[in-house]
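Take a look at the model first, then we'll walk through it topic by topic.

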Amino acid sequence: MAQNGDQAFLRSDTTKGRWEEMTYGGALSFLRRNYSRNLEGVDVAVTGVPFDNAVTFRPGCRLGPQAIRAASVQLAELKAFPFGFDPFETLSVVDYGDVHLDPHHPETVRPAIEAHAARIIESGAKLLTLGGDHSIAYPLLKAHAEKHGPVALIQFDAHCDTWDDDGARMDHGTMFLRAAREGIIDVVKSTQVGLRTYNDDDFGFEIMTSPWIHRNGIAAAIEVARERAGEAPVYISFDVDGMDPAFAPGTGTPVAGGLASWQALEFIRGMEGLNLIGLDVVEVSPPYDVSEITAIAAATVAHDWLCLLAKAKGAQGVEVGRI
């Protein structure tokens, strides 16, 4: 008899493949992957960071990891679009669960995130993180740089997140300036995509605003980011407010004039072949979402990044139609 349902906790013999599930039932893990802390032979660990104490406007993205997991159910049904394969026939992926945080002792939050990420990275697995507010990217970048050295950051965002930083504040709008000053980010190889707020300095980042991308096209933006990164280790930090509020209303700091979800997905898929070492998807705030459209877009970004890793490991699909 074929096994089916609740594979997130019932399947223990393999971290590859998948079972049949009811999209409207069953245990919710990201893409129905096994919940496991055993990283032996695992290619990618998915983890959540339910933290939003550093937001500057609307709160709620501490609920983001749960929402993104719930929104991923349909992506686990069929072969991946437009790739034409099941990524989990090639790629071993587990849902590692969430980092445990004590928000009542805020000084412990960043060290806890960094230590949690470092344990996963040291195992040899890559890390896919579901946020949480964007401040979590700082300890995540520190953990990645500890292994890879300075990273090329590709930041999808409405905001530069390089405003004045005093080296100690907990703020989701200053952490990339701190990371750049500390040499965690190689700004010469880094790109900011979709910006539409103003800062007096670019601090060495290549900035492609949303209006520039609307005028010049997503293919041009992909080319700039790829040439900039080269062969460097690439960390993608995807803030959903990089998309226009029409496509991502469920976020804390929405800014009009952003990119469409199709442009965001085309951009992620255009990163194929780069030295992809990690991804975070942040700032999904379910209290402000509409029909889960923000969470669905976020889940799809993470799913498509996994598909790029599966292709790099040899997954091959069949193109049907004009892809």
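This one is built on an open sheet of 9 strands in the order 1-3-2-4-9-8-5-6-7, with parallel pairing. Strand 1 (34-35) and strand 7 (206-209) sit at the edges with a single partner strand each, so one side of each has no neighbour in the sheet. Bear in mind that the model is predicted: local features need pLDDT of at least 70 and side-chain atom pairs pLDDT 80 or more, while totals for chains, interfaces and linings use all residues. Residues are numbered from 1 along each chain as its sequence is written, and side-chain values use heavy atoms, with hydrogens and water left out.

Two terms come up throughout. Helices (H or I, at least four residues) and strands (E, at least two) are DSSP runs, numbered from the N terminus. Strands pair if DSSP finds at least two bridges between them.

**Inside the sheet**

- Strand 4 (residues 126-131) is mostly covered, with 5 of its 6 residues buried; buried means under 20% relative accessible area, exposed over 50%, and partly exposed in between (1.4 Å probe, protein chains only).
- On one side, strand 4 runs parallel to strand 2 (residues 44-49), joined by 6 bridges, and Val49 has Gly131 of strand 4 as its bridge partner.
- Strand 4 is also joined to strand 9 (residues 275-282), again in parallel, by 4 bridges; here Leu127 stands opposite Gly278.
- How many residues of strand 8 are buried? The count is 7 of 7.
- Both faces of strand 8 are covered: Pro233, Tyr235, Ser237 and Asp239 are buried on one side, and Val234, Ile236 and Phe238 on the other.
- Strand 8 pairs with strand 9 in the parallel sense over 7 bridges, with Ser237 opposite Asp280.
- Strand 8 is parallel to strand 5 too, with 5 bridges between them; Ile154 stands opposite Ile236 in that pairing.

- Strand 8, helix 8 and strand 9 make up a right-handed β-α-β unit; right-handed means that, with the strands pointing away from the viewer, the path from the first strand over the helix to the second runs clockwise.
- Which residues of helix 8 (residues 261-269) are buried? They are Gln263, Ala264, Leu265, Phe267, Ile268 and Arg269.
- Those buried residues pack against strand 5 (152-156), strand 6 (191-195), helix 6 (210-216), helix 7 (218-229), strand 8 (233-239) and helix 9 (293-312); contact here means heavy atoms within 4.5 Å.

**The largest pocket**

- The largest pocket has a volume of about 270 Å³.
- Of the 14 residues lining that pocket, Pro82, Phe83, Lys311, Glu319 and Ile323 are the closest to its centre.
- The pocket search uses a 1 Å grid over the protein atoms alone: a pocket is an open set of points where a 1.4 Å probe fits, with protein on both sides within 12 Å along at least five of seven lines, and lining residues have an atom within 4 Å of a point.
- As for the volume, grid points are joined across faces, edges and corners, and the value is the space filled by probe spheres set on the points.
- By class, the lining has 6 nonpolar, 2 polar and 6 charged residues; Ala, Val, Leu, Ile, Met, Phe, Trp, Tyr, Cys and Pro count as nonpolar, Asp, Glu, Lys and Arg as charged, and the others, Gly among them, as polar.

- Most residues other than glycine have a negative phi, and most peptide bonds are trans.
- Phe81 and Pro82 are joined by a cis peptide bond with omega about 0°; Pro82 lies in the loop between helix 2 (64-71) and strand 3 (93-98).
- Another cis peptide bond joins Gly131 and Gly132, with omega about 15°, and Gly132 is in the loop between strand 4 and helix 4 (137-148).
- Asp161, in the loop between strand 5 and helix 5 (175-181), has a positive phi near 55° and counts as buried at 3% relative accessibility.
- Glu283 has a positive phi of about 75° without being a glycine; Glu283 is in the loop between strand 9 and helix 9 and counts as buried at 1% relative accessibility.
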